[in-house]
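Student: Hi! Could you walk me through this one before I set anything up?
Tutor: Happy to, let's have a look together.
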Amino acid sequence: MSAAMTQASSQAMSHAATDKRCDVSVKDVEISFGRHVVLEKLSLDIAQSEFIVLLGPSGCGKSTLLNAISGLLDVNAGQIWIGGRNVTWEEPKDRGIAMVFQSYALYPRMSVRENMSFGLRVAGMPANEIQKRVADAATMLKITELLDRKPSQLSGGQRQRVAIGRALVRDAGVYLFDEPLSNLDAQLRAELRVEIKRLHQRLRATMIYVTHDQIEALTLADRIAVMKDRVIQQLDTPQKIYREPVNRFVASFVGSPAMNFMPGRVERGATGATFSLGDLSIPIQGYPFKSPGLTGAAVLGIRPEHVLSGAEAGPNAFNAQVEMAEPMGADTLVWCRTPSGASFSVRVDSGPSIAPGDTLPVSFPVGTLSLFEEGPDGRRL
Amino acid sequence: MKHTASVVALALGLGWAGTAFAQDKAEVIHWWTSGGESAAVKVFADMYTKGGGTWVDTAIAGGANARTAAINRTVAGTPPTMMQFNTGKQFDELVENNLLNDVDAVAAEMKWKDKIPGPILAATTRNGKMFAVPVNIHGQNWLFFNTEVLKKLGAEEPKTFDDLLVVLEKAKAAGLIPLAFSGQKTWERGLFNTVMVGVGGPKLWMSVYGDKDPKALKSPEFKQVAETFAKLRNYVDAGAPGRNWNDATALVIQGKAAGQIMGDWAKGEFIAANQTAGKEYGCVVLSKAGGGYLMGGDVFAFPKTKDAAQQKQQIVLAKMLLDPATQVEFNKKKGSIPVRTDVDTSSMDICAQKGAKMAADPAQQAPAMELLTAPAVTGAVEDVISSYWNTPAQTVDQFADKFAAALKTL
Amino acid sequence: MVAMVEPTGPRPRPLTPARIGLYAFLFISALFFLVPLYVMIVTSLKTMPEIRLGNLLALPSAPSIEAWVKAWSSACTGLTCNGISVGFFNSVKILVPSVIVSIAVGSLTGYALSFWRVPVAGILFGALMTVAFVPYQIFIYPLVRIFASAGISNSLPAIVIIHTIFGLPTMTLLFRNYFASLPIELFKAARVDGAGFFRIFWSVMLPMATPMLIVAVILQVTGIWNDFILGLVFAGRENLPMTVQLNNIVNSTQGERTYNVDMAATLLTALVPLVVYFASGRWFVRGIAAGAVKG
Amino acid sequence: MLAIRPRLASRLAAWVALSPALAVLVVVYIGCTTWTIWISMTASRMLPSSNFVGLRQYEALFANERWTVSVSNLVIFGTMFMIASLALGFLLAVAIDQRVRAENLLRSIFLYPFSMSFVVTGLVWQWVLNPTFGIERIGKNLGFADFKFDWIVRQDMVIYCLVFAAVWHAAGLVMAIMLAGLRGIDEDIWKAARVDGLPTWRVYVSIVVPMMGASFATASVLMATSVVRLYDLSVAMTNGGPGIASEVPAKFVMDHLFERQNIGLATAAATSMLITVAAVVGPFLYWQSRRRAAAGAH
């Protein structure tokens with residue numbers, strides 16, 4: 001939290017939240033528009049004070065789920081519990097939630113102050129209490145000097161701060177974020193990301209955050225629910241999802257630059273299990289197979305940053321042909337080919353220059369690679 | 001208790017005051033809005049005011065508009081004290097639905113039935129009772145001509161349509177507009193009806209519009225009427241379609257046209273231009289065998305009301321409308337002639353005197369079309385006539401067939 | 001020797017034939033649109049003898065506002081000769097409540113139909129759309145009967161209700177399309193803030209609908225001010241609008257016509273909507289841009 | 001199974017808000033329409049009667065020359081008016097969009113006729129088109145002795161005069177709608193077209209017009225409503241004449257309802273109009289709602 005924040009406000013804003021029970025639980029929820037089914041028997045349990053990110057491409061149902069939790073969308077079947085109460089049929093305002101939207105959704109004809117206090121005024125809160133809450137939230141978000149402006153006079157980043165402020169004053173146990181940073185440029189996004197993370201640490205409120213940006217997910221979440229096609233593919237800590245994606249979809253969606261995939265075969269030989277890529281044979285002895293002894297066609301996945309290159313490559317290194325180098329500041333992403341022609345990328349320090357046509361010794365350490373079934377949606381082996 | 005009593009007293013007092021006010025008040029819906037017409041209706045208003053009443057004037061231009069408003073209010077239960085209709089069948093259904101008060105008692109008391117021309121009396125009587133008070137007679141089939149122009153053309157005052165055609169031909173040759181015409185549906189019907197009664201005679205007139213006899217439409221007389229009517233197309237100018245009747249009258253006044261066939265209300269235009277009947281302009285009813293003065297006009301009807309005070313005012317109004325002095329004064333302003341045959345018309349202009357004489361003579365009297373046909377039929381026939389007039393290719397037979405169909409309107 | 005001129009500075013913009021053609025088109029169009037107004041104004045300033053000469057486009061030889069004065073204060077509209085000034089205030093009396101009520105109902109209906117899932121919404125909207133095409137004249141007679149049995153015929157409330165009924169399809173359509181074009185997240189945010197149906201409408205949606213409100217006001221002011229038949233049938237004799245008096249002057253059944261007074265009266269009657277349009281033409285286009293073309 | 005949430009407060013509020021519209025729907029639209037259809041099957045004249053005559057009013061209606069002329073007039077008028085006002089409105093909008101001088105003034109000039117009532121419009125154009133003192137006279141005064149412009153008094157041409165006046169009245173509104181549409185088009189499209197070296201007219205025809213579907217639709221719907229309702233203009237300008245050459249269905253209904261006191265025939269005509277409108281608008285609405293539902297599912 002910013003240094004400008006006062007001790008008093010920090011207490012005021014954080015106490016109420018931690019005092020409340022505010023775990024969220026989605027039980028067998030179904031949602032459909034007419035004949036079009038959007039969510040099917042979906043369940044999700046979110047612990048008190050947890051920061052959970054719903055991550056997935058557009059159309060995966062993550063926003064629908066968030067809207068169902070908020071009560072903006074009626075569920076066709078199932079239940080939603082917040083803070084130990086069944087709120088399935090409650091109005092949004094009665095669920096103890098606050099929400100931040102992608103397009104900020106600031107009321108254009110109201111000043112910042114009016115925007116932030118609207119909900120409290122609707123609820124009939126005494127003016128001095130409203131005044132205090134707005135002032136505290138504004139201080140916390142460094143928007144005090146903007147309070148009397150209209151939304152049209154604000155920049156994108158300022159608008160989203162106001163939108164967050166509007167959620168803050170509700171002093172809710174559960175905060176819902178619907179792609180709140182997607183309309184901002186990269187720098188502002190990073191800045192506000194940090195801000196939100198600090199908020200969470202300060203408030204200890206439950207936060208449910210929808211995004212399609214895996215960096216936001218990895219940086220913010222306690223747990224990430226990766227969704228695709230209306231189904232939660234994997235629900236785990238960011239580390240786990242990054243290291244052990246349950247399928248190729250999760251593997252490719254999380255992490256940047258994207259994971260390399262190379263089709264080949266798992267074979268068992270005298271030296272133990274190997275993965276053959278054409279003529280190349282990569283030792284994978286010690287890989288934690290789910291079903292031991294498995295052989296046959298498979299896909300090897302390894303993240304560019306996990307490929308060892310140059311001197312680090314070690315004894316299992318093979319020579320790869322460099323095709324192209326993308327300098328990215330601190331690192332360089334080097335695009336190579338295996339002798340059999342499979343393309344992959346390697347992340348190396350931007351030290352010695354590497355030019356197309358060079359040969360680069362690389363190795364795929366077994367501790368960091370993943371193996372999947374064949375096919376675009378192959379499960380982890 | 002004391003309070004309640006005083007409130008009741010106050011309410012009663014107000015109620016009484018209200019009735020007293022209503023007693024003297026009469027609201028009249030009519031469509032007389034132009035200068036001459038307002039002057040005429042002012043005669044009624046002044047007479048009524050002189051008798052101690054308050055005349056509440058609701059003038060709405062356009063007969064259909066005024067009647068619509070009046071009928072709607074009558075149906076809605078908030079009728080005016082008195083409302084205007086054209087003499088004829090416009091108020092038939094109000095009588096049938098028991099929405100009008102009859103004036104039979106007053107009529108008997110004042111002996112009106114002996115003094116009103118037969119066709120007009122018949123048009124206000126339903127089931128033997130008089131349901132409306134006629135206030136004037138408008139002759140509908142006059143020919144007005146510019147005497148100066150006729151003199152220049154070397155023509156006599158025409159007596160029949162044959163005479164007229166000769167005059168028109170002369171006017172055409174002289175480069176004038178022969179017949180000043182206003183090409184709107186109503187006046188196309190007016191012209192046709194003038195031809196029908198003038199060429200076909202009152203007998204044909206009555207069998208077509210009175211008996212609605214399809215055989216009459218196939219008669220040689222009707223054929224001759226249709227042909228004469230068609231001939232008149234040659235004598236109107238290019239600007240006629242859509243023209244207002246008073247603009248046509250102006251052409252006669254200015255000597256640009258020889259004459260105009262119109263009702264006697266056209267006199268108002270001549271008077272406004274400071275012309276005198278018999279001097280600058282002449283008037284004549286064209287008739288082959290004599291007879292056939294088409295009489296229409298206006299009546300006032302009295303909607304049913306439960307308010308006794310209003311009923312009383314309706315009787316006061318009825319008597320006032322047919323007062324001899326009022327009649328002369330009103331009709332002078334209106335350009336029409338008194339509906340009573342027993343009033344002295346010597347102070348009126350020549351045309352009015354001519355008209356009054358014909359109106360008093362049963363041999364000359366003929367009911368106007370709307371006295372014989374319901375508005376629905378009048379309208380249907382009007383469409384047929386208008387279509388014939390504007391479509392030279394249409395044959396007389398086609399015309400007669402359509403005419404017969406229109407007369408049979410459901 | 002001809003020295004080559006190197007391009008420098010602003011590019012020369014010659015008046016191209018296309019540009020001339022464009023202005024010619026606009027000029028001719030403007031003439032086409034202005035001729036009737038010109039004829040009305042010129043005629044209203046002429047004397048009757050001059051009008052009878054029949055040169056429609058000629059300027060008045062001796063302009064006189066006599067006809068205007070007469071039309072406003074002394075032309076006969078029946079027994080009384082007070083001009084159309086009486087009707088002016090009646091028209092205002094009808095206009096103000098009718099515009100407010102019809103827009104209030106129309107915008108509320110449009111709002112309810114765009115954000116709230118109501119079971120009959122489809123049917124209601126379909127019916128409104130259909131009725132938008134129906135000549136309203138056919139409803140007049142049964143409505144007279146209905147109003148009569150409700151005991152409110154021939155009164156100010158009656159005419160206000162009538163204008164609301166007949167304004168409903170257009171108003172609903174305008175507002176529904178406008179609200180539908182607003183981001184749904186605003187509505188969601190307001191609901192999370194705990195605002196109910198009317199609160200969202202009043203505090204969030206209506207303040208945003210200013211461009212559409214302007215369009216609605218313009219359309220309704222024009223429509224209601226220009227109305228003749230409804231005012232005649234439903235307003236009652238105390239409240240007959242200006243157009244009825246105009247009709248009394250212009251459409252006298254029998255009697256002499258004074259075209260200069262007719263034209264002056266017509267212009268006086270058209271003055272309110274004319275001023276509204278000339279003053280707010282820019283807003284009108286903007287309002288339409290804000291809502292009407294999305295949909 | 002559908003779970004229905006008893007969110008009474010909001011639901012109730014929505015019903016309260018819709019209640020005026022619903023009352024109008026039930027009482028006015030449904031009630032009056034039913035009444036109209038019922039009366040059309042009776043022999044009512046001035047006042048409604050219960051004298052049932054089946055479909056005889058409809059037989060009379062379709063045998064009535066004036067009605068058939070009215071209907072065909074409406075078709076001609078509708079087609080010509082829609083095409084002409086859309087075309088002129090679009091051209092004006094394009095012209096104004098070329099960064100011309102006095103844009104505000106021009107826009108007001110084109111828009112002001114829409115503030116005039118149809119009665120005034122009809123009256124003025126009746127004057128201007130009148131052959132004895134209107135345009136024809138002006139042409140003759142200018143020295144063209146043979147100049148003729150007498151459409152308003154010719155049976156075969158009068159309907160085009162109505163189109164003329166109606167276009168004058170409505171083109172400004174179309175222009176406003178089109179201008180709004182043009183201003184809503186992304187500037188980048190114009191930049192791209194300019195870099196591609198496309199001639200301006202080509203950009204309008206191939207790129208801009210297809211993008212303005214919504215503007216054309218809005219304008220068309222507005223124009224179409226005024227076509228079916230065409231009444232005052234015909235009354236004020238020609239009163240249906242010459243003859244019955246410029247009669248229109250709404251005028252047929254009105255004349256028979258009031259002047260002619262034949263509400264049986266009037267309601268039969270009104271019902272015929274209603275059925276025609278419903279037959280066109282109904283499927284259109286259905287198609288639209290299907291499209292909306294399909295779009296909403298994603």
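**Chain B overall, then a strand in chain A**

Tutor: Taking contacts in chain B between residues at least 6 apart in sequence, 77% of them join residues at least 24 apart. Keep in mind that this is a predicted model.

Student: Okay, and how many helices and strands does chain B have?
Tutor: Chain B has 19 helices and 15 strands. Its radius of gyration is 23 Å, close to the 22 Å from the globule rule for 410 residues, so chain B is as compact as a globular protein of that length.

Student: What box do the C-alpha atoms of chain B fill?
Tutor: Along the principal axes, the box is roughly 95 × 45 × 40 Å.

Student: And what percentage of chain B is buried?
Tutor: Buried residues account for 57% of the 410 residues in chain B.

Student: Which strands does β14(A) pair with?
Tutor: One partner is β11(A), residues 260–269, which pairs with β14(A) in the antiparallel sense over 7 bridges. Another is β20(A), residues 370–372, also antiparallel, over 3 bridges.

Student: Nice. Which residue of β14(A) stands opposite V266(A)?
Tutor: That's G296(A).

Student: And on the β20(A) side, what stands opposite L300(A)?
Tutor: L371(A) in β20(A) stands opposite L300(A).

Note on methods:
Residues are numbered from 1 along each chain as its sequence is written. Chains are lettered from A and ligands numbered from 1 in the order in which they are written. This is a predicted model: local features need pLDDT of at least 70, side-chain atom pairs count only at pLDDT 80 or more; totals for chains, interfaces and linings use all residues. Helices (H or I, at least four residues) and strands (E, at least two) are DSSP runs, numbered from the N terminus. The radius of gyration is taken over C-alpha atoms; the globule rule is 2.2 Å times the number of residues to the power 0.38. A residue is buried if 20 or more other C-beta atoms lie within 10 Å of its own, exposed if 12 or fewer, and partly exposed in between; C-beta atoms are placed from the backbone. Two residues are in contact if their C-beta atoms, placed from the backbone, lie within 7 Å. Two strands pair if DSSP finds at least two bridges between them.
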